[in-house]
There are 2 protein chains.
Amino acid sequence: MKIAPGDVADLARGAAFLGTGGGGDPYIGRLMLERALADGGSLQILDVDEIPDDALVIPTALMGAPSVLIEKLPGGDEVITSLRKLESFLGERAYATMPIEAGGINSTTPLVVGARLGLPVIDADGMGRAFPELQMETFHVYGVSGTPMVVSNEYGDSAIIEAHSNWMAEWIARGITIRMGGTAYIAVYPMRGRDVKRTAIRQTLTLALRIGRCLSQSRDAHREPFAALIKELADTPYGFGKVIFHGKVADLERRTTQGFAKGRAVLRGIEGEHRTLELIFQNEYLIARCNDQLMAIVPDLICVLDSETAEPITTEMLRYGQRVKVMGVSVPPIMRTPEALAVFGPRAFGLEEPFQPIEALHA
Amino acid sequence: MKIAPGDVADLARGAAFLGTGGGGDPYIGRLMLERALADGGSLQILDVDEIPDDALVIPTALMGAPSVLIEKLPGGDEVITSLRKLESFLGERAYATMPIEAGGINSTTPLVVGARLGLPVIDADGMGRAFPELQMETFHVYGVSGTPMVVSNEYGDSAIIEAHSNWMAEWIARGITIRMGGTAYIAVYPMRGRDVKRTAIRQTLTLALRIGRCLSQSRDAHREPFAALIKELADTPYGFGKVIFHGKVADLERRTTQGFAKGRAVLRGIEGEHRTLELIFQNEYLIARCNDQLMAIVPDLICVLDSETAEPITTEMLRYGQRVKVMGVSVPPIMRTPEALAVFGPRAFGLEEPFQPIEALHA
């Protein structure tokens, strides 16, 4: 896989789709990556199977509430501090970096690191979408330790965390992130190539680029984008996609609390849709309900898209009066096992409804 | 200076006096140290002048709200984890440890470390009393960095913090301590012998032992303890001591908030005292006022003592109806410079009254 400067906008847009409302404003990630490439950086993307089993891989990411990120823009190099500190602590240089999630700014962050340092980036991640917490990773579900990890900020303050569980790592790192002003830069889940092969969700950078390209090609050709998108997804591990609602944002509650952007949106149906849809989010959209009917639920993707252009709308960009279509998308089997659902299924977010696959809800 | 098992009770009591309401329950510190000595540990106490200039000194302490500590007792060895991790990070073994404050459990914590590891303990500290925050140190005032530092808990979770300022180190370490349940174990302000000589407040372990001995000897001899204590202090850098109030605890507000035990106590005068005294505290007693008259103010010591035995009463042990005498004590000149007052004078605690020496208030 190659990523050229001309691909960055598409990649960022596709990542925002996979971010299912979270992962941060993709435009910020796009600017950071375009600048890194304009500064002469080049990108080497590796397929999971190309990594040696013993190679050290250190994923890199931004941590925090997306609602803070839009007011506290990253320069782009801060996360390199975290990577280098973790390398020093481990006494070993990383062979490659990779994303911890597929979504918004955290799809492009490791690419910025890769372009700046000449470090290969692996075409895979540990969430297959965006999730709000660090233990919500297939890495964690299948036994990889998130620590030692490094949290740092733009002033060079940092903490190297070691924890007896990935839940505790999340808890402590979140506390530090809050005290660093709501966003921070992390190097986390250091692991060997063999663990990446065993636990990662593969080819999600490729997938983001395919989704983004599909959207911009539809737009350029003045084609209806939703049908094209559903067709594109059919050929991926995210096989089932469906527009489950068409409406206008009629109510919106949003608060940044305990380091997360939490809230609720209500959409009133338009153009033949007479129902009302309720969306609950914690950084990402978690559940969609029509009155008492379940329409889609985490970990399946719930994507809120501009009703004309299908541009993804992140939770912090939701505005009263926006006309949107809501898509539900199935996630790959590795994300729907009982072990996976125990970590990032509905119960992990305090939701009462059990998981039901989107394709079963809309059979 | 020698500390024998028979000295521990006196040392802990004297440390509680210097803790000026904070520093944690001295009885807990006493038990931890007595056990370490009973297990065969021996203590080597060094005077500041005995440390080589190049020797690495790593102070050790408990961090957190004393009100939490009485419900979450330390085993005694946890802080050794922090010391060892900081040694690993620095790539150098410590020549000695020392207290960061003179007060309650944090006077005895480094002694437990010393007894367990056979590590010398320096007879000095960086507060000359107890203070609630990490930057409130003469080490900080006179230019020593608090970081790299380690925060750990009883489960082996830890963080190595590096910060661009000691204020930020406090802010991040406090956040971690809160998330670790309100108390944690730290190794902090690693420094060379020459910096200890330049910045430490000397012989405060000796002082704690002298104060504790004075109190127990008065008690054993059925003598009035306050006069003896004032006489004992006259011969130290804490030269001026005076009983400024005699009363009963009539009102008490206390809350554990943002990792601190904060509150307010009102004492109603008894036995010829017709006024009412207000005490404000944040872990330690900060100010004593009679109506609008200033009676004593931080950093001078405000010690609340049992009115019969002169046993020090920490803020978390204050109870409605207790009969107490309140003593004000002057602190050494190194703690009253403009630089020092800027860091731990009244303004640092949000108090409006400027600092006034206790001996001037009661001339």
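This is a dialogue on how to read a few features of the structure above.

Student: Before we start, what kind of model is this, and how do the labels work?

Tutor: This is a predicted model, where local features need pLDDT of at least 70, side-chain atom pairs count only at pLDDT 80 or more, and totals for chains, interfaces and linings use all residues. Residues are numbered from 1 along each chain as its sequence is written, while chains are lettered from A and ligands numbered from 1 in the order in which they are written.

Student: OK, the two chains. How many residues of chain A are in contact with chain B?

Tutor: General idea: two residues are in contact if their C-beta atoms, placed from the backbone, lie within 7 Å. Here 17 residues of chain A are in contact with 17 residues of chain B.

Student: Which elements give two or more residues to that side of chain A?

Tutor: Helices (H or I, at least four residues) and strands (E, at least two) are DSSP runs, numbered from the N terminus. On the side of chain A that touches chain B, the elements giving two or more residues are β7 (158-162) and α7 (166-179) of chain A. The most comes from α7(A), with seven residues.

Student: How does β7(A) pair with β7 of chain B?

Tutor: Two strands pair if DSSP finds at least two bridges between them. β7(A) and β7 (residues 158-162) of chain B have five bridges and are antiparallel. I160(A) stands opposite I160(B) in β7(B).

Student: What rotation superposes chain A on chain B?

Tutor: Two copies of a chain are related by a rotation about an axis and a shift along it. Copies are superposed by least squares on the C-alpha atoms of residues with pLDDT of at least 70 in both. In this model the rotation is 180 degrees with 0.0 Å of shift along its axis, and the RMSD is 0.0 Å. That is the relation of a two-fold axis. Of the residues of chain A, I160(A) comes closest to the rotation axis, at 2.5 Å (C-alpha).

Student: Through which surface do the copies meet?

Tutor: 100% of the interface residues of chain A are also interface residues in chain B, so the copies meet through the same surface.

Student: Let's go inside the chain. Is β3(A) mostly covered or uncovered?

Tutor: A residue is buried if 20 or more other C-beta atoms lie within 10 Å of its own, exposed if 12 or fewer, and partly exposed in between, with C-beta atoms placed from the backbone. Strand β3 (residues 60-64) of chain A is mostly covered, with five of its five residues buried. Both faces are covered: T60(A), L62(A) and G64(A) lie on one side, A61(A) and M63(A) on the other. β3(A) is joined by five antiparallel bridges to strand β8 (residues 183-187) of chain A, and L62(A) stands opposite Y185(A) there.

Student: Now a helix. Which residues of α10(A) are buried?

Tutor: In α10 (residues 225-234) of chain A they are P225(A), L229(A), E232(A) and L233(A). They cover an arc of only 95 degrees around the axis (taken from the directions from the helix axis to the C-beta atoms), which puts them on the same side of α10(A). A227(A), K231(A) and A234(A) are exposed on the other side. The cover over the buried residues includes α9 (204-220), β11 (241-257) and β17 (323-329) of chain A.

Student: In what order do the strands of the open sheet run?

Tutor: Seven strands of chain A form it, in the order β15-β14-β13-β12-β11-β17-β16, with antiparallel pairing. β15 (293-297) and β16 (301-306) of chain A stand at the edges with a single partner strand each, so one side of each is left without a neighbour in the sheet. The twist averages 35 degrees from one strand to the next; axes are lines fitted to C-alpha atoms, for helices over the stretch in contact, and angles run from 0 to 180 degrees between N-to-C directions. α10(A) packs on the sheet, touching β11 and β17 of chain A, and its direction makes about 95 degrees with that of β11(A).
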